[in-house]
Amino acid sequence: MAADKQNEAKIASVDENKENVPDTGVGLEILQIIKDSQQQHGLRHGDYQRYRGYCSRRLRRLRKTLGFKMGNRHKFTGKKITEEMLSDSRYLLLVLMEAERAWSYAMQLKQEANTEPRKRFHLMSRLRKAAKHGQKLEKLCESPSIDAKTKLEAQAYTAYLTGMVEFELQEWKPAMEAFNKCKTIYEKLASAFTEELAVLYHQRVEEISPNIRYCAYNIGDQNAINDLMQMRLIGGGGGMMAEKLEALITQTRAKQAATMSEVEWRGRTLPVKIDKARIFLLGLADNEAAIAQASKEDTKEHLYETLLAECRDTIQAVREELKAEKQRERGPDADSGKVSNLQFLHSYLSYIKLCTVVKRNESMAHTLQAKLKDPHNDENKRGPKPQDLIRLYEIILQSLAELSTLQGLEEDHTFQKEMALKTLVYKAYRCFFIAQSYVLVKKWSEALVLYERVLKYAKEVQSKAKSLGNKDLPDVQELIAEVNAEKYSLQAAAILDTEEVNEAPSQHPVKDNTQFSFNVQFPINCVKMSFLQPLCDRLETFRLDPALVGKQPNLVHFPPGFQPIPCKPLFFDLALNHVAFPPLDDKVEQKGKGGLTGYIKGIFGFGS
């Protein structure tokens, strides 16, 4: 308690005078130096041997520079660092590098102890050595010439190394007390200094939090297991804690899996006799819940990879058991055609794996799509392109094809219809991004045809989804609206690009219509005929025709073609056949009585 009060007082004094801390005495950025050295010399890849070699070389350089040699090549002469030497912070750095060298050697032995258990004794001696150097550093920092911040960092560093020793000895209570002391100091320092240093302090707190929860669990806090599972899922608990967390969670799930005997899928109840499959299926819901709650894309990607790795291991265990079962059942009834329970369980696990691949790639596609639409992308860095999304959707389509061929589901017509409908959806998305990739290279006709195909797929999905009633499908209505908007933008861009081509023909030569039509993904004859038609015959449809803005635009038929026109009508007097004329017998007789004289009068008009 007294030590804690002293720490609080020191932290308070640091907080009050944080602007003048560098001028109060000799200081050393302990955590900053440790983190920079570790990241630059091997620990980014978990190479503790390389970091240990770096610590040894730096120690040699420091001793040579300071003239602090420990004897010569023939004889060792031990020297101690005293308070009088602390006017130079490099003496503190010398002790710090000795502690780091011993700690990195212990971590190297920790990795090698998996195959050689005898190295655990050497591991413990190196850890104790590191803690001893840490205590020496803390004692030196008690000098009045050292600033308050360095004193607190030295105490936190010593507490961390002491906690590591107790943790390996499975002394849970002392280890928890040491880690809590380290956590308290770093949290207070984070609130007292700049944001850059606060990030380092918070990172260290996150590193030791799994150790604290693990100690609490072993002391008797059963609620700590849930926190440990969450830490493990989000990637916490690296280094020494990783294997312990894996073993603990596997052990806990194994106890729970003892009560699990069967699982139901697609209307069929399957007995689960393989322990690894039980453990995986029991933790499946927790993994999916953690993925749904993840806010960062990196965390979500890590969770997907963890789930897929566990699923692959489980499938391998079931496959081996399936091979053994087939060897035992060799006989006349071996090929009866009926799918066994074990084979159906294998199909179920494969279904989980493939569905997880689909969800992971869909999540990555949404992220890339958001970056594509972001107008504030950095031009100096390579941003996402439509080709990246095309690759993701191709992987999704490949996974859906494998899903439709799973053994035992060939006769499940509902399942097959669902897979066919999902295939149409992702084909539409793939086609959309192929069209966008054509837009980038100004291939307007190809892009327009692909947009039309996207609309065809989307409308087919809408018509089939109503009868199937599947609610897990992505919404294609938004895709349809986006395609319609892109079509209008495409038409405008095509027209503007054509005008630029005609204004500067020497720089941008216009392609021949026939040559251009060969690249379009629909019948060539239709393309040629569309270019031969004048504009007046195709006002309702958009066609990219560079000739329209040229010197001889094809607007109307000229000269106009011959057209049949109606002639003057002919009238037939059909009523004349039904008219009864009056008799003319009296006039005919008079004509006859005149004789020759009357005939002559008639000729010359005298008788009229």
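At 11% relative accessibility, K35 counts as buried, a class that requires under 20% relative accessible area, while exposed means over 50% and partly exposed lies in between (1.4 Å probe, protein chains only). This is a predicted model, in which local features need pLDDT of at least 70 and side-chain atom pairs count only at pLDDT 80 or more, whereas totals for chains, interfaces and linings use all residues. Residues are numbered from 1 along each chain as its sequence is written, and side-chain values use heavy atoms, with hydrogens and water left out.

**Salt bridges**

The structure holds 15 salt bridges. A salt bridge is a side-chain nitrogen of Lys or Arg within 4 Å of a carboxyl oxygen of Asp or Glu. Side chains of opposite charge can pair when their charged atoms come close.

K35 takes part in one of these contacts: its partner is E207, and the closest N and O atoms are 2.6 Å apart. The pair links distant parts of the chain, since K35 belongs to helix α2 (residues 30-40) and E207 to helix α8 (residues 195-219), 172 residues apart. Helices here are DSSP runs of H or I with at least four residues, strands are runs of E with at least two, and both are numbered from the N terminus. E207 is partly exposed, with a relative accessible area of 34%.

E168 has a salt bridge with K110, in which the closest N and O atoms are 3.4 Å apart. E168 lies in helix α6 and K110 in helix α4 (residues 90-112), so this contact ties together parts that are 58 residues apart in sequence. Both E168 and K110 are buried.

E168 also meets the side chain of R120 in a salt bridge, at 2.7 Å from N to O. R120 counts as partly exposed at 34% relative accessibility, whereas E168 counts as buried at 2%.

**Helix α6 and the residue after it**

Helix α6 covers residues 148-168, which is 21 residues; at 1.5 Å a residue it should span 30 Å, and this agrees with the 31 Å between its end C-alpha atoms. The expected span is taken as 1.5 Å times one less than the number of residues. The helix is mostly covered, with 18 of its 21 residues buried.

Just after α6, Q170 takes a positive phi of about 60°, although Q170 is not a glycine. Q170 is found in the loop between α6 and α7 (172-192).

Strand β1 (residues 262-265) has two faces: V263 and W265 are on the covered one, E262 and E264 on the uncovered one. Four bridges join β1 to strand β2 (residues 268-271), and the two strands run antiparallel; two strands pair if DSSP finds at least two bridges between them. Opposite E264 stands T269 in β2. The two strands form a hairpin with two residues between them. R266 is found in the loop between β1 and β2, and its phi is near 55°, a positive value in a residue other than glycine.

**The loop between α19 and α20**

L555 is found in the loop between α19 (524-532) and α20 (585-593). Together with V556 and F558, L555 forms a nonpolar patch on the surface, with about 350 Å² of accessible area. Patches are made of residues with over 30% relative accessible area and no salt bridge; like charges are joined within 9 Å, and nonpolar side chains (Val, Leu, Ile, Met, Phe, Trp, Tyr) within 5 Å. Accessible areas come from the Shrake-Rupley method with a 1.4 Å probe. The peptide bond from F558 to P559 is cis, with omega near -5°, and P559 lies in the loop between α19 and α20.

| Residue | Relative accessible area | Class |
|---|---|---|
| Q170 | 49% | partly exposed |
| R266 | 34% | partly exposed |
| L555 | 40% | partly exposed |

**Cysteines**

C55 counts as buried at 0% relative accessibility. C182 likewise counts as buried, at 0%. A disulfide is a covalent bond between the sulfur atoms of two cysteines. A search of the whole structure finds zero disulfides, the criterion being a pair of cysteine sulfur atoms within 2.5 Å.
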